[in-house]
Amino acid sequence: MCGIVGLFFKQEIATSALGPLLAGMLSQMRERGPDSTGFALYGDDAPPGAFKVTLRAPGIKYDWATLEGELAAAFPLARRAQLYGSHAVFTIATDPERVFAWVNTHQPGLDVFGFGERIEVFKDVGLPDAVAQRFGLAQRAGTHALGHTRMATESAVTTEHSHPFSTGADLCLVHNGSLSNHNRLRQALRREGIRFATDNDTEVAAGYLTWRLRQGMSLTEALEAALADLDGFYTFAVGTRDGFAILRDPIACKPAVLAETDDWVAMATEYRAIATLPGAAGAEVWEPRPATVYSWHRQ
Amino acid sequence: MIEVDLAQSSVRALNQRLHRIGPGDDQRHWRVVNPNGAHAIAVGLTAPLHVEIRGHVGYYCAGMNAAATVVVDGHAGTGLAENIMSGSVRVHGNAAQSAAASGRGGLVVINGDASARCGISMKGVAIVVGGSVGHMSAFMGQSGALVVCGDAGHDLGDSLYEADIFVAGKVASLGADCEEKEMTAADIDHVATLLGRAQIAADARRFRRYGSARRLYNFHIDHAAEY
């Protein structure tokens, strides 16, 4: 099952409408995915030379202040940490690889949920209203966002196995469906230097796109290549720093609806999530075709 | 006319009201506003009601319909008029996958496009689509007619039993055991009648007919003793 949603504002300027609207969309998808909820927000840019990283601690009582001190001793922090209970966003002016290596060595219990100039990734076990509340989603601004409500089918109900999955800078993916060739593909991608944190099938799809983008493909080209290389059922919604894309498998088993107005593009597993958006009644609404990439990109 | 606002009332309350209407009641004409993609609107109707829905509906709208006329002034989600028995269901916009699935009778009209698997396992329903249908339409169709004024996607009529398929536009590909058949004068009359009932203007002579070649396992005489 699972429910996925995406909202992409066409204008460059971050809007405070994003968080509350995404929370409303996710709330409509609760029956499709009561196990866990996650979302990726594309908010303000990190300062030049810096990147944002979303870290997740095993519990909400984690001592982020101490970690911030330790990180500041190791790297220049471009901003104060932003704390959201079990999650925290650090903005660090260095090479991300150095930070990942540091976390691995000094704080191996922390998970890196996403990194890049804009992306922040939050996910947890629970119903969408509760998870949105936990991370203050309704107070968050941004240009675009993806969300997911999960009904687990192929791996455990844990925060780590929740979507979105982010495997490269500013790239994330949410998925409704299941992949059947993810084990073999994960092995192949690991040899190409893609890192995986879980045994989840969706993470492999995210890793695959990261690999293709690294080869110089556009997001559309990467998704077209995925049609040949990924076996299984899927409706994907993909976010990049300035882009948003949708792909359904050739059989189109998993539902999807797209809607577009002059101001926004929205995607959801069911229309009722889109119906909550301002202007939805006048939006152009259609079902994306099988094996067809739909993408939008802000210049 | 009775108007029900789904911003105020639940779908369950609406459906219970529609189900309670008895033969002597004169509350025949209903209008539903603010459907906002809700599922299972106007399912299981058994009285000759006229229900108009203003806006887009979610899954299974007008499922199991018998005798009633349901009109959606918008798009419909998965499983429109699933297992329709009689009466009619019309969608002014597009319908998502599996429209009129396993329908046993009545008429389903989609003025726009229908998505994949339109008329899957149809068992007597008449379906008229003003636009095009997606892949695997009429899959395992057993009886009834599917009329498509636009194009049909891949694997049309796969594993068909006895339903008739009429397509005016292009067919991307035929499914297993589906073949083109002769379009007789009786077939042209049949299509013209269905287009008339659907109130869709199209020339019945432009349609081509597709049906079962009857070469799959279940048609083979050697397997008759298996049943």
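**Figure 1. Where chain A meets chain B.** In this predicted model, the contact between the two chains draws 11 residues from chain A and 14 residues from chain B. On the chain A side, helix 8 (271-274) and strand 15 each supply at least two residues. What kinds of residue does chain A bring to this contact? The side of chain A that touches chain B divides into 8 nonpolar, no polar and 3 charged residues.

**Figure 2. Chain A as a whole.** Take a moment to look over the entire chain before going into its parts. Chain A holds 8 helices and 16 strands. Its radius of gyration is 18 Å, close to the 19 Å that the globule rule gives for 299 residues, so chain A is as compact as a globular protein of that length. Along the principal axes, the C-alpha atoms of chain A fill a box of roughly 50 × 40 × 35 Å. Buried residues make up 51% of the 299 residues. Among the contacts in chain A with a separation of 6 or more, 72% are between residues 24 or more positions apart.

**Figure 3. Two domains of chain A, side by side.** The domain assignment divides chain A into domain 1 (3-44 + 118-297) and domain 2 (46-117). Their C-alpha centres lie 23 Å apart. Where they touch, domain 1 gives 19 residues and domain 2 gives 14 residues. Which element gives the largest share of the domain 1 side? That is strand 7 (residues 119-125) of chain A, with 6 residues. The domain 1 side of this contact is made up of 8 nonpolar, 3 polar and 8 charged residues.

**Figure 4. An open sheet in chain A.** Follow the strands across in the order 7-2-8-1-14-13-15: these 7 strands form an open sheet with antiparallel pairing. Why do strand 7 and strand 15 (284-286) each have one side without a neighbour in the sheet? Both stand at the edges with a single partner strand, so one side of each is left without a neighbour there. On average, neighbouring strands of this sheet are turned by 10 degrees against each other, direction ignored.

Figure 5. Strand 1 (residues 3-9) and strand 14 (residues 264-268) of chain A run antiparallel and are joined by 5 bridges.

**Figure 6. A169(A) and its surroundings.** This alanine is found in the loop between strand 9 (165-168) and strand 10 (171-179) of chain A. Is A169(A) buried or partly exposed? With 19 C-beta neighbours inside 10 Å, A169(A) counts as partly exposed, because a buried residue needs 20 or more. Leaving out residues up to four places away in sequence, A169(A) touches F115(A) and G116(A). A169(A) and T210(A) are 41 residues apart in sequence, with 8.3 Å between their C-alpha atoms.

Figure 7. The peptide bond from H163(A) to P164(A) is cis, with omega near 0 degrees, and P164(A) is placed in the loop between strand 8 and strand 9 of chain A. A291(A), in the loop between strand 15 and strand 16 (294-297) of chain A, has a positive phi near 50 degrees. A100(B) has a positive phi too, near 60 degrees, and is found in the loop between strand 5 (88-91) and strand 6 (107-110) of chain B. A291(A) counts as partly exposed, with 15 C-beta neighbours inside 10 Å, whereas A100(B), with 33, counts as buried.

Key
Residues numbered from 1 in each chain as written. Chains lettered and ligands numbered in written order. Predicted model: local features only at pLDDT ≥ 70, side-chain atom pairs only at ≥ 80, totals over all residues. Domains from an automatic or database assignment. Contact = placed C-beta atoms within 7 Å. Helix = DSSP H or I, 4+ residues; strand = E, 2+ residues; numbered from the N terminus. Nonpolar A, V, L, I, M, F, W, Y, C, P; charged D, E, K, R; others polar. Pairing = 2+ DSSP bridges. Axes fitted to C-alpha atoms, helices over the stretch in contact; angles between N-to-C directions. Rg over C-alpha atoms; globule rule 2.2 N^0.38 Å. Buried ≥ 20, exposed ≤ 12 C-beta atoms within 10 Å, placed from the backbone.
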